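Take a look at the model below.

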Amino acid sequence: MNIVEKGDPYSAQIRETVELVANDFKKDYKYGLSFQSKVGPRKWLTPDTESTIEELGKSGVKKILVVPIAFVSDHIETAHELNIEAREKAVESGIEEFIVCEGLNNSKLFIQALADLALTEFEKFA
């Protein structure tokens, strides 16, 4: 939080991305945002994923689709925290279906978008 309070745009960018993606859905899906990967004793962004899963289970939610929107590739951190720890919390909380989306990884569309962005930035300096 101390980094965000100093002006880091991470939190605002993630919140904006979630809203943009949610607005693209044609159906009225319920969605929310939570944060994972807290390290050390310092205050982290809230709400945290574990508490969110627990609250959803208590409120009767039976299915959750987790989209790790801040991560562009699958890696050990998300694999362990989401596919193991969060899944265990979901089962404990009464969630019957817990799906974690894969990251964009090496999707051709994603790689092309990165290349386009890089070339656009490069052209500013050429």
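Is Lys63 buried or exposed? Lys63 counts as exposed, at 62% relative accessibility. Buried means under 20% relative accessible area, exposed over 50%, and partly exposed in between (1.4 Å probe, protein chains only). This is a predicted model, in which local features need pLDDT of at least 70 and side-chain atom pairs count only at pLDDT 80 or more, while totals for chains, interfaces and linings use all residues. Residues are numbered from 1 along each chain as its sequence is written, and side-chain values use heavy atoms, with hydrogens and water left out.

Stay with Lys63. Its partner in a salt bridge is Glu97, and the closest N and O atoms are 3.8 Å apart. Lys63 lies in strand E1 (residues 63-66) and Glu97 in strand E2 (residues 97-100), so the pair ties together parts that are 34 residues apart in sequence. Helices (H or I, at least four residues) and strands (E, at least two) are DSSP runs, numbered from the N terminus. Glu97 is partly exposed, with a relative accessible area of 33%.

A salt bridge here is a side-chain nitrogen of Lys or Arg within 4 Å of a carboxyl oxygen of Asp or Glu. Side chains of opposite charge can pair when their charged atoms come close. A search of the whole structure finds five such bridges. One of them joins Glu54 and Lys58, at 3.8 Å from N to O. Both residues lie in helix H3, four residues apart, about one turn of the helix. Glu54 is partly exposed at 30% relative accessibility. Lys58 is exposed, at 69%.

Helix H5 (residues 108-125) holds another pair. Lys124 and Glu121 meet there in a salt bridge of 2.9 Å, N to O. They are three residues apart, so about one helical turn separates them. Lys124 is exposed, with a relative accessible area of 57%. Glu121 counts as partly exposed at 39%.

Salt bridges also link Glu50, Lys89 and Glu92 in a network. Lys89 sits in helix H4 (residues 76-92). What is the accessibility of Lys89? Lys89 counts as buried, at 14% relative accessibility. Not counting residues up to four places away in sequence, Lys89 touches Glu50, Ile53 and Glu54. Contact means heavy atoms within 4.5 Å.

Now the empty space. Rolling a probe the size of a water molecule over the atoms shows where empty space is left. The largest pocket has a volume of about 1200 Å³. On a 1 Å grid over the protein atoms alone, a pocket is an open set of points where a 1.4 Å probe fits, with protein on both sides within 12 Å along at least five of seven lines; lining residues have an atom within 4 Å of a point. Grid points are joined across faces, edges and corners, and the volume is the space filled by probe spheres set on the points.

The lining of the largest pocket has 34 residues. Tyr31, Gly32, Leu65, Val66 and Val67 lie nearest its centre. H2, H3 and E1 each supply at least two lining residues. Which element gives the largest share? Helix H2 does, with six residues.

Ser11 lies in helix H2. Ser11 is buried, at 9% relative accessible area. Beyond residues up to four places away in sequence, Ser11 touches Val4 and Leu45. Thr49 lies in helix H3, and it counts as buried at 13% relative accessibility. Leaving aside neighbours within four places in sequence, Thr49 is in contact with Ser34, Phe35 and Gln36.

The loop between helix H2 (10-24) and helix H3 (49-58) contains Tyr29. Tyr29 is partly exposed, at 47%. Together with Val21 and Phe25, Tyr29 forms a nonpolar surface patch with about 300 Å² of accessible area. Patch residues have over 30% relative accessible area and no salt bridge; like charges are joined within 9 Å, nonpolar side chains (Val, Leu, Ile, Met, Phe, Trp, Tyr) within 5 Å. Areas come from the Shrake-Rupley method with a 1.4 Å probe, and for residues only the protein chains shown count as cover.

Last, the backbone. Pro47 is in the loop between H2 and H3. A cis peptide bond joins Thr46 to Pro47, with omega about 5°. Asn105 is in the loop between E2 and H5. Its phi is near 50°, a positive value in a residue other than glycine. Asn105 is partly exposed, at 25%.
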